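Colleague: I have the file open and would like to go through it with you. Can we start with the terms?

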Amino acid sequence: MNFDDTPHEAAFRAEARAWIDANAPKYLLPYLEKSGYGGIELGGLDPMKEAKAWQKKKYDAGWACLHWPKEYGGRGASPIERVIWNQEEGPYGALSGSFIIGHGMCGPTVMDWGPEEAKRELLPRLAAGEDIWCQLFSEPAGGSDLAGLRTKAERDGDGWVINGQKIWTSGAHYSQWGILITRTDPNVPKHKGLTMFFLRMDTPGVRIVPIKQANGQSGFNEVYFDNVRLPDSQRLGGVGEGWKVSLTTLMNERLSIGSGMSAGFPDIFEFCKELELADGTLAINDRGVRSKLAEWACRQSGLKYTGMRAISALSRGENPGPENSIGKLVAGSSLQEIAMFALDLQGQAGAVSDPKLAAMAAKFQAQLLRSPATRVEGGTDEILRNIIGERVLGLPGDMRADKGLPFNKIPTA
Amino acid sequence: MDFEFSAEQQQLKEQARRYLADKCPTTAVRAILEGSEPFDRTLWQGLGEMGFLGAAIPEEYGGLGLGYLELCVIAEELGRALAPVPVSSSIFLVAEILKAAGSEEQKQRWLPKLASGEVIGTLASVEVTGSVRPSNIAMSAKAGALTGAKSPVLDGDIAHIAVVLARHAPGKDAQGLSLYLVDLNQSGIERTVLETIDPTRSQAKITFNSAKAELVGVAGDGWRLYEEALDRAAILTGFEQIGGADKALEMGRDYALQRFAFGRAIGSFQAIKHMLADMYVSATLARSNGYFGAYALSTGSADLPEAAATMRVSSSKAFQHCAKNNIQVHGGMGFTWAMDCHLFYRRSNLLAVSLGGLNEWEDKLIDRLRAKNAA
């Protein structure tokens, strides 16, 4: 039971640290360290330009996409080396937000299922940050029930014609490429009639419409497909194998560990140390406040050490256990509870969201308005509980009214 | 990084699990609940013979001379089995206090007997309803004799010796407090068994009438020694709680798989499935916090006080959460005497107050985080 690196890990860490120290964009550090929940602000500099520059620099020196094979632009590093890199990259890692989906999910999917020529051409560009990729999965009728998706791909000579609509596509508005799951056969049960493709986002007939979110920002998009023509060479995996291909994507999402989510405790703790309550005591000295702080402190450290356990498993060359699946479930609701509690402590001033006026530069107000999304995106709290219940505890799946039915016979209303 | 118990420690844990599965099935726990014996004497003797009690006691004092990590994995298995024996009082508290502050003579005299189980020890601190604070300790120590009463004292009816928090100087402050070792088999001692929520761990009121006592450690150091002992015991008891939480979760899961209603296993209903998933989340957070507690305890890290309070809050809540929802998953059957659910429910609520309630540990946690932050 210790936190020490093995000699090999220590050597790798030293090498990474030295390179980062010599090459990182240190002028961005003050902004990156202050960056809050859900986005970075670089004092007027263009975040995308800075992100691409840092990514290219890493790529040129062999520090991009550490877990990918070298021939596709990676480093062929072990999972634990990837974790060590993330630890050493620290706040600079926040620059990579736009690349996460491409590097973590799209790239590995193309790697497993794509034609060799496309892999050699596209993956190094993705690793270098020259292209950004998005994942065109969710639909208005296929969210938690992803396999209920309706975007159609129909044979047309040598190629395919795509019609339909995707939604919640993160970063579609700045992506050059996307991976797309479609329905190619509505006459078979829903999981069996799916096929995966990859495409340029400027292919004629693709229309991207940013979604104005409940918090006023726009990170997600609707993407419409109107007679979009794709050659068969842009298919990933076999016709009808789309569900299997999509599982590669989702499995890779689950392997992205080591950058555990914060439950938000440090901010509320800082805030309560300064804030005076109506009776003149500091919030942190109030019994009721302390009880809540203690709960969040335990969740924060519990997630931290759960992450350490997963990293240890990697260090021993094992796969992390299922305990890592609790991260977003715990963090999402904690962030929301903490934001609501912070506003409550602020009294009537809690409604003010102007960063120039509100406490802690309106961090909690922004968190309040963003946190509902955390409990939904990438798997709702309820889906995550199903996953824990079924895959970890071994409970049976829910009864499905659509089981075994051809897709076009499934009731929709 | 190796944030995990070693292969040898996991083997020891397996060994303890097999031993307890054999010697301490829930029928043995129930026998204590329903019978007149205050604890399982055969099991207690066996735990001593196996070396489990003396795992973290140095060899020179009759123990196995292993470490805290070994004691943590044993504690987890004792918790899982709801072992009706006074390990927490005798080993986690009294043996630990003697190891930390006892004189050489006291260690020589008592640690080997605590390690073998021949002698049972307990810690007597509580005098009032509410938190134990220096201001509510009235037990007086004068000329090597204690006068006053302690209640409740966990395992107080069966213990041979007690470490007692008492006041050698009048007043209300912590500096007037010291720890004393008392042989409970003397004429100045009266004991009354108390009725409690968990009779599988008996408790007593102990009255001291000029009972002969000897100092443990330095006079005036009692409160510090007491608080430090509670921290170490919080981590070890935390492992008992983690073990209990896991077992209660497994019972709930197994029942949800086996019980059918509306033509399907009730575990397929999301209301039940999500309740069990939340129990898993609590138990996992507590276990991860526990690993850090074990690390801090075994290395004597400066983080020990924070780790102890974190684990205490996390593991108390996890065991209570799993035990109460295990009853809920079982429905009406869960509230029958015949089902074992209430054994876990009782124990979870006993352990949640046995070293001081959640509110005290929440306070300690916040104070300690603040102190660390200020440093």
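Modeller: Helices (H or I, at least four residues) and strands (E, at least two) are DSSP runs, numbered from the N terminus. This is a predicted model: local features need pLDDT of at least 70, side-chain atom pairs count only at pLDDT 80 or more, and totals for chains, interfaces and linings use all residues. Residues are numbered from 1 along each chain as its sequence is written, while chains are lettered from A and ligands numbered from 1 in the order in which they are written.

Colleague: Fine. Where is A:Trp168 found?

Modeller: A:Trp168 sits in the loop between β3 (159-166) and β4 (177-183) of chain A. Its phi is positive, about 65°, although the residue is not a glycine.

Colleague: Does A:Trp168 count as buried or exposed?

Modeller: A:Trp168 counts as buried, with 22 C-beta neighbours inside 10 Å. Buried means that 20 or more other C-beta atoms lie within 10 Å of the residue's own, exposed means 12 or fewer, and partly exposed is in between, with C-beta atoms placed from the backbone.

Colleague: And which strand of chain B does B:Ser210 lie in?

Modeller: B:Ser210 lies in strand β7 (residues 203-216) of chain B. B:Ser210 also has a positive phi, of about 50°, without being a glycine. It has 15 C-beta neighbours inside 10 Å, so B:Ser210 counts as partly exposed.

Colleague: You mentioned peptide bonds. What is the one from B:Ser151 to B:Pro152?

Modeller: That bond is cis, with omega near -5°. B:Pro152 is part of strand β3 (residues 145-154) of chain B.

Colleague: Switching to whole chains. How many helices and strands are there in chain B?

Modeller: Chain B has eleven helices and nine strands. Its radius of gyration is 21 Å, close to the 21 Å from the globule rule for 375 residues, so chain B is as compact as a globular protein of that length. The radius is taken over C-alpha atoms, and the rule is 2.2 Å times the number of residues to the power 0.38. Of the 375 residues in chain B, 55% are buried.

Colleague: And chain A?

Modeller: Chain A has twelve helices and eight strands. The radius of gyration of chain A is 23 Å, close to the 22 Å that the globule rule gives for 413 residues, so chain A is as compact as a globular protein of that length. Buried residues are 41% of the 413 in chain A.

Colleague: How many residues of chain B are in contact with chain A?

Modeller: There are 39 residues of chain B in contact with 38 residues of chain A. Two residues are in contact if their C-beta atoms, placed from the backbone, lie within 7 Å.

Colleague: Which elements give two or more residues to that side of chain B?

Modeller: They are α7, β9 (264-265), α8 (270-299), α9 and α11 (358-374) of chain B. The largest share, 16 residues, comes from α8(B). By class, the side of chain B that touches chain A has 20 nonpolar, eleven polar and eight charged residues. Ala, Val, Leu, Ile, Met, Phe, Trp, Tyr, Cys and Pro count as nonpolar, Asp, Glu, Lys and Arg as charged, and the others, Gly among them, as polar.

Colleague: At what angle do α8(B) and α9(B) pack?

Modeller: They pack at about 155°, with their axes 8 Å apart. That makes α8(B) roughly antiparallel to α9(B). Axes are lines fitted to C-alpha atoms, for helices over the stretch in contact, and angles run from 0 to 180 degrees between N-to-C directions. Under 35 degrees counts as roughly parallel, over 145 as roughly antiparallel, 65 to 115 as roughly perpendicular and the rest as oblique.

Colleague: And α7(B) against α9(B)?

Modeller: The axes of helix α7 (residues 222-258) and helix α9 (residues 304-330) of chain B come within 8 Å and cross at roughly 25°. That makes α7(B) roughly parallel to α9(B). The contact of α7(B) with α9(B) has 18 nonpolar, nine polar and two charged residues.

Colleague: Last one. What is A:Gly76 in contact with, leaving aside neighbours within four places in sequence?

Modeller: With those left aside, A:Gly76 is in contact with A:Pro69 and A:Lys70. A:Gly76 is in the loop between α3 (47-60) and α4 (79-89) of chain A.
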